[in-house]
Amino acid sequence: MVLCGATFGWVPFAVAQPLPEGHTGIAANYPGDVNIAADPAVIFADDFESYASAADLTERWDEAYHAANLRIATESGAFFAGAQAVELRVPATSTEVSNTLIKYVSPARDVLFLRFYAQYGAGFDVLGSSHNGAMLQANYCCPGVPADGSNKFLVSYEASRFEASVANPGQLNVYVYHPDQRDVWGDHFYPTGVVSPFTYLPGDFGTEFVARPDVIPELGRWYAYELMVQANTPGERDGRIAMWLDGQLIADFLNVRLRETTALKIDKFNIDLHVNAVTTAAAIKRYDNVVAATAYIGPLSLGDAVAPRAPANLSVR
């Protein structure tokens, strides 16, 4: 059994139902995201317009670090809407650096959508381990500890680049800690259905799974990213993970098992830039217009608040 939803809620069905796309979500009712936080399905919204400096981020986020690598960006091209965005930076390094903004979810949720606008800096050049998007988590403690159905789960919408032949910032995927994971570290689910590590083993996403092309976003360009995580009913494989880019569904993973107890619910989300690889120049990731909700959000409505833009220019592999 999987879930399908209308604008303001989710109802169980016996088969997978089509997911919404485009400007059909919550944001369509709030041009420029103005007053979107007042929508009954929205649990958090931040357009980063209220901060005088990065030191103020904890006025709305529960944690923000590291201070030296965070700033409020105001220069032309460094924000999507309004006049400001938040910038996360990893300096040229050969050691692990992790920067993040964290928000706790209370009450915890079985289903959550997280939409965020993001831009990889034009000079982004990372080869190796990097978490550089947004995560939905349940009781997550630490990396390298496998999920067993009762301790935790985690889903991260990110770009991954493990081979130099792949263009920066890498192929979009979800990095998942789940009870069926193949290693002590999480698995990467790609839109094609390929799962890493051990890519010779096919992913088990059920007979209704639709393989879609891998996507590499363009450096220096703003996109609307949206992630949905629906935790499964314990004992069943009715969990679902979906990824949108500029309102287009680019991956829909069915038949997912994330937990074996209803005590595990989504209790935290974050936006981040983590690098555990050699970088020869600073890696920059900017975020704007973050919204978390219990229903599909969709891209920011153009209205009169944001100038129209061309359709996403995606590199499809």
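This is a short tour of a predicted model, stop by stop.

Residues are numbered from 1 along each chain as its sequence is written, and side-chain values use heavy atoms, with hydrogens and water left out. Local features need pLDDT of at least 70 and side-chain atom pairs count only at pLDDT 80 or more, while totals for chains, interfaces and linings use all residues.

**Confidence**

Colour the chain by pLDDT, the predictor's confidence in each residue, from 0 to 100. The average is 91, and 91% of the residues score at least 70. Select residues 1–14, where pLDDT stays under 50. Then select residues 304–317, where pLDDT is also below 50.

**The largest pocket**

Select His-131, Tyr-140, Pro-143, Tyr-175 and His-274: of the 31 lining residues, these are the closest to the centre of the largest pocket. Its volume is about 660 Å³. A pocket here is an open set of points on a 1 Å grid over the protein atoms alone, where a 1.4 Å probe fits, with protein on both sides within 12 Å along at least five of seven lines; lining residues have an atom within 4 Å of a point. The volume is the space filled by probe spheres set on the points, which are joined across faces, edges and corners.

Next show β19 (266–276), one of the elements that give two or more residues to the lining. β19 gives the most, with five residues. Strands are DSSP runs (E, at least two residues), numbered from the N terminus.

**Lys-103**

Move to Lys-103 in strand β7. Lys-103 is buried, with a relative accessible area of 19%; buried means under 20%, exposed over 50% and partly exposed in between (1.4 Å probe, protein chains only). A polar atom of its side chain lies 2.8 Å from the backbone oxygen of Arg-60. Leaving aside neighbours within four places in sequence, the contacts of Lys-103 (heavy atoms within 4.5 Å) include Trp-61, Asp-62 and Asp-267.

Most residues other than glycine have a negative phi, and most peptide bonds are trans. Select Phe-48, in the loop between β3 (42–46) and β4 (63–65). Phe-48 has a positive phi of about 65° and is buried at 0% relative accessibility. Asp-246, in the loop between β17 (239–245) and β18 (248–256), has a positive phi of about 50° and is partly exposed at 23%.

Finish at two cis peptide bonds. One runs from Asn-168 to Pro-169, with omega near 0°; Pro-169 is in the loop between β11 and β12. The other runs from Ser-196 to Pro-197, with omega near 10°.

Key. Helix = DSSP H or I, 4+ residues; strand = E, 2+ residues; numbered from the N terminus. Polar contact = N/O pair within 3.5 Å; in protein donor to acceptor, adjacent residues only side chain to side chain.
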